[in-house]
Amino acid sequence: MDFESREFWVEREDETVLPPVTLEGGAVVRAQDGARECGTVVPVILSGGCGSRLWPYSTEDTPKQFLSFTGAKSLFQMTLERVRDRNRFAAPVVVGNLRHASLCERELTGQDEGAQLLLEPCARNTAAAIAMAALAVRESHGDDALLLIMPSDHVIQDIACFHSAVATGEVAAREGRLVTFGIQPTAPETGFGYIEVGEDLPASAGVKKVLRFVEKPPLETAEKMVADGNHVWNAGIFLFRAGTFLDEVRIHAPEIAAAAELALARARRDGNRIVPDAAALGQAPSESVDYAVMEHSSLVSVVPMSPGWSDLGSWDALAELVAQPEPLGPITAVDCDDCYIRSDGLQVAALGVRDLIIVASGQRLLILPRGRSQEVKKLLSAMDTIAA
């Protein structure tokens with residue numbers, strides 16, 4: 001979640017739901033006959049990111065969600081496995097970049113029969129992506145279907161805890177709340193957004209009011225928020241009715257709503273592939289769902305959870321998550337302490353170094369101090385400048 005440091009106070013006054021947007025030519029996306037399923041929970045897997053902080057392994061051609069970092073399976077496959085119980089979850093909707101269509105299809109198995117691929121011809125951030133997914137779900141399952149929004153590149157170690165949190169949020173989501181899932185913080189991280197948690201919602205134990213969102217605080221502020229016990233990390237995982245979310249997008253981000261509806265109405269469809277119209281989608285402001293909707297809606301609630309979550313947003317995060325009893329690749333390390341060293345082929349030798357991250361992939365080598373891997377984007381920008 002890459003936002004500038006800002007604070008947003010949640011509006012609490014009553015809001016009026018606007019009527020649906022009328023599309024060019026009168027086109028409207030409606031639920032198919034007989035497809036309305038009030039009990040349906042549809043996983044929506046967001047796979048449009050490129051994971052540049054995990055360069056040189058993660059690249060624009062093969063982003064981190066399609067790679068394996070913590071075992072034999074890719075992060076994408078691990079995400080799919082969390083929601084493969086068809087007694088609880090419908091077949092997923094995968095939102096990804098059109099250039100990665102074959103990679104997305106490769107991750108799907110026979111257990112994912114019925115999955116839809118919503119392939120963006122241009123990236124317009126998560127608000128437009130989720131709006132289009134909500135329209136697709138409304139078309140196939142109706143307004144009352146719940147969307148479980150999940151990034152494709154996160155790690156969740158305690159699946160039972162995650163499923164329990166989803167079950168906790170379901171009642172509130174079916175009653176029209178926009179439920180977000182917050183992670184109980186284990187450290188004063190400055191690379192995450194935070195949510196200030198209020199009291200339980202009436203008749204919804206475990207679902208709490210959201211008092212405010214705080215984006216990427218400085219260290220001193222993060223330390224205070226972790227210490228007070230009233231803040232959780234914003235994990236970017238959500239649960240809400242398709243109809244409720246679309247109503248809120250129309251209220252708080254009408255340009256995104258209109259562009260998403262027109263892009264899907266004009267979409268090219270081929271089997272399980274849906275390719276939105278590029279010209280229409282390109283008119284959507286590029287805004288995150290947090291910034292466009294969640295931080296302004298009076299319907300937002302939060303379910304705190306501790307499922308062993310990591311966004312694997314940096315090499316430091318991976319080094320903390322993965323035990324490394326043996327070198328990962330053709331590595332010789334002598335008298336090295338607290339180093340994370342990984343190679344997929346290049347011979348790496350290290351002697352007498354401390355607190356370093358050393359990562360080699362192909363002919364590319366990254367070396368940096370532990371604790372600074374959030375700055376890899378800065379390094380890539382400098383490389384692009386030199387290349388230009």
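Reader: Which residue in strand 10 is the bridge partner of Ile149?
Author: That's Phe238. Strands here are DSSP runs of E with at least two residues, helices are runs of H or I with at least four, and both are numbered from the N terminus. Keep in mind that this is a predicted model, where local features need pLDDT of at least 70, side-chain atom pairs count only at pLDDT 80 or more, and totals for chains, interfaces and linings use all residues. Residues are numbered from 1 along each chain as its sequence is written, and side-chain values use heavy atoms, with hydrogens and water left out.

Reader: OK, and how many bridges join strand 5 to strand 10, and in which sense do they run?
Author: Four bridges join them, and the two strands run antiparallel. Strand 10 covers residues 231-241. Leu148 has its partner there too, namely Leu239. For two strands to count as paired, DSSP has to find at least two bridges between them.

Reader: What about strand 2 and strand 5, parallel or antiparallel?
Author: Parallel, with six bridges joining strand 2 (residues 41-47) to strand 5. Ile45 stands opposite Met150 of strand 5 in that pairing.

Reader: Is strand 5 mostly covered or mostly open, then?
Author: Mostly covered: strand 5 spans residues 146-151, and six of its six residues are buried. Buried means under 20% relative accessible area, exposed means over 50%, and partly exposed is in between, using a 1.4 Å probe and the protein chains only.

Reader: Which residues sit on which side?
Author: One side has Leu146, Leu148 and Met150, the other has Leu147, Ile149 and Pro151, and both faces are covered.

Reader: Back to strand 10. Why is it called largely enclosed?
Author: Because 11 of its 11 residues are buried, strand 10 is largely enclosed by the rest of the structure.

Reader: How many bridges pair strand 7 with strand 10?
Author: Four, in the antiparallel sense. There Thr180 stands opposite Phe238. Strand 8 (residues 194-201) also pairs with strand 10 in the antiparallel sense, over three bridges, and Glu196 has His231 as its partner.

Reader: Who lines the largest cavity?
Author: Arg82, Met150, Pro151, His154, Ile156, Phe162 and Ile237.

Reader: Which two residues does the cis peptide bond join?
Author: Trp55 and Pro56, with omega at about 10°. Pro56 lies in the loop between strand 2 and helix 1 (75-82). Most residues other than glycine have a negative phi, and most peptide bonds are trans.

Reader: And is the phi of Leu312 positive or negative?
Author: Positive, about 45°, although Leu312 is not a glycine. Leu312 sits in the loop between strand 14 (309-310) and helix 10 (315-321), and counts as buried at 1% relative accessibility. Asp335 has a positive phi too, about 55°, in the loop between strand 15 (331-334) and strand 16 (340-343).

Reader: Last one: where is Ser301?
Author: In strand 13, residues 300-305. Ser301 is buried, with a relative accessible area of 0%. Leaving aside neighbours within four places in sequence, Ser301 has contacts including Arg177, Thr180 and Lys208, where contact means heavy atoms within 4.5 Å.

Key. 1 Å grid on protein atoms, 1.4 Å probe; cavity = no way out; pocket = protein on both sides within 12 Å on 5 of 7 lines; lining within 4 Å.
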